[in-house]
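Biologist: I would like to learn how to read a structure. Could we go through one together, feature by feature?

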Amino acid sequence: MASIAVDRTTTPRIGAIHGLRRVGLVVAGIAVFWALWEGYRWFGETVGITWPFTVDATNMPHIHDMLHALTEPLQPGGPPLIQLEWHWALFTAKEAFLGFVIGGLVGFGLAVLLAHSVLLRRGLLPYIVVSQTVPILAVAPMVVVGLGTKGVTPWVSVSVIAAYLTFFPVAMNTLRGLLSPKPRDLELMRSYAADRRSMLWKLRMPASLPFVFSALKISATASVIGAIIGETPASIQDGLGGAIVNFNQYYSTGPERLWATNIICAALGFAFFGAVVLVEHFVLRRAPEHVV
Amino acid sequence: MNDRPAVSIQGVSKHFKAGVTALSGIDLDVRPQELISLIGPSGCGKSTLLRIIGDLIDPSEGVVEVNGKPASQARRDHDYGIVFQEAVLYDWRTVSKNIALPLELLRWSREKRTQRVNEMLRLVELEGFEDRRPWELSGGMQQRVAIARALSFDPSLLLMDEPFGALDEMTRERLNMELLRIWEASGSTIVFVTHSIAEAVFLSTRVVVMSPRPGQIADLVDVDLPYPRTAETREEPRFFELVTGVRERLAGRGAQVEPELLEDAT
């Protein structure tokens, strides 16, 4: 049967070239953004643009000033800002990660539950959707205060807020993934007289994984945003959210610091996203082995 | 060899919603170790009949027995393996793992699974491809994996629903030969749905000619070509006579290929 051709989709070599090209594109993207920012600023200051906002050093600090702010100490004799940012980022990352894990597990569990019963789907789904229409800013204080009276550490409450943003995309996408097997896939299982459990483990769950991962990518960044927002009502000063509130108050005298913190927030979100992409690459290539 | 039919179909009819009658009054006995083909134009209910034998859908009327048991019991007892027109391999599993899927469901031990998978890989001549992913294989190879999977747990009956219908002519003819070899090696009974007259005649001990709307058995043709059949068989005068015979019987009932009313074939 040697005459039957085998198609190979990718080789490692092509993969490496592909990866290099992607890194190049990211660098080019940053360069373009930088040029647009500085170009608009230069143009705006020259011709005096006032709409939608006045272009000046307060509203649009130079990017190099933002980066420079990271190297300066916050107080005379203190450590450079970047060092503080690093600690804040780690703290927020801790909250976000716990929130990501809780949200992911709750979302996945919910999806499995919903996949098994049309009745539950009809009854529960509207409430899940409604839960996401309530503004996070309204929910956050309630969670912090409510859990606080039960003796929960404030940063864990923040994780719960992050989980609140995380579980929804996971639940929705996982549900879709669990229901994605085609009639033939199901018929095959039926021909083996497979029970519901085997159907779930051998077919629905593995089939849902690509959907789960696209949800986790959304959730990765959402969990970071949830953690940052959650720190505000919890009055947590140790994370990026606290820093943002702080720098907001001193915006007119030092806008670069807020912007610098924004860059750190973006970097953190990106790191979370990247971690999920990495795991996806690993897991989906070597698909789950559900050995009995 | 016993006298009990491998598959016994008595008075089977199938009505779908919207008043469409897919099958009407089907009576058929499939003998053990027979390779029987169901042939007919689109919409004659041949795939529907196969699914009723496999207890994947219920007949509206009539009884189907497999190995002397109701079809539903036979399905639960894993009496048959099935191969569809598409290979229906699970993407997240390697070739080996796809073949092992029914064995996992039957809770075979890992050693037994590995051993059987290797036997099946040898049977369908796919040694060296065990760790490949389905999408890395050609259509013909994918279908061979599907056959290996269907036979892995040694069912006495193999149901095949136009398994080579999506393949090119050359691959199809080669797989026809392979299927005969596998059939002889495994000693199983095969019910084979096809719309290729040449394929039906080449493979089968008997050909069931079906006519459409409602799906009925128009004729039964005994194929008296000796086994083992080879590439030369296709050039024998008797082969052409039988092909012509089947074609005339198909045409005799005014069977023309019409747009499918029932989504049962593909």
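**A buried residue in a loop**

Modeller: B:Phe153 counts as buried because it has 20 C-beta neighbours inside 10 Å. The rule is this: a residue is buried if 20 or more other C-beta atoms, placed from the backbone, lie within 10 Å of its own, partly exposed below that, and exposed if 12 or fewer do. Note that this is a predicted model, in which local features need pLDDT of at least 70 and side-chain atom pairs count only at pLDDT 80 or more, while totals for chains, interfaces and linings use all residues. Residues are numbered from 1 along each chain as its sequence is written, and chains are lettered from A and ligands numbered from 1 in the order in which they are written.

Biologist: Where is B:Phe153 found, and which residues is B:Phe153 in contact with, leaving aside its neighbours within four places in sequence?

Modeller: Two residues are in contact if their C-beta atoms, placed from the backbone, lie within 7 Å. B:Phe153 sits in the loop between α5 and β7 of chain B. Apart from those sequence neighbours, its contacts are B:His78, B:Pro102, B:Leu103 and B:Leu106. Sequence distance is another matter: B:Glu136 is 17 residues from B:Phe153 in sequence, and their C-alpha atoms are 25 Å apart.

Biologist: How many residues of helix α3 of chain B are buried?

Modeller: In helix α3 (residues 95–105) of chain B, nine of the eleven residues are buried. Among them are B:Pro102 and B:Leu103. The cover over the buried residues of α3(B) includes α4 (110–123) and α5 of chain B, together with α8 of chain A. After α3(B) comes B:Arg107, which has a positive phi near 60°.

Biologist: What describes two packed helices?

Modeller: Two packed helices are described by the angle between their axes and the distance between the axes. Axes are lines fitted to C-alpha atoms, for helices over the stretch in contact, and angles run from 0 to 180 degrees between N-to-C directions. In chain A, the axes of helix α5 (residues 136–149) and helix α8 (residues 196–231) come within 9 Å and cross at roughly 60°. There A:Ile136, A:Leu137 and A:Ala140 of α5(A) meet A:Gly226, A:Ile229 and A:Gly230 of α8(A).

Biologist: Now the sheets. What is the strand order of the open sheet of six strands in chain B?

Modeller: Two strands pair if DSSP finds at least two bridges between them. The order in this sheet is β6-β7-β8-β3-β9-β10, with mixed pairing. Its edge strands, β6 (80–83) and β10 (216–222) of chain B, each pair on one side only. Strands β3 (residues 35–39) and β9 (residues 206–211) of chain B run parallel and are joined by four bridges. Here B:Ile36 stands opposite B:Arg206.

Biologist: Which strands make up the open sheet of four strands?

Modeller: That sheet of chain B has the order β2-β1-β4-β5 and antiparallel pairing. The edge strands are β2 (21–30) and β5 (69–70) of chain B, each pairing on one side only. Strands β1 (residues 7–15) and β4 (residues 61–66) of chain B are paired over five bridges, and B:Ile9 has B:Val64 in β4(B) as its bridge partner.

Notes: Helices (H or I, at least four residues) and strands (E, at least two) are DSSP runs, numbered from the N terminus.
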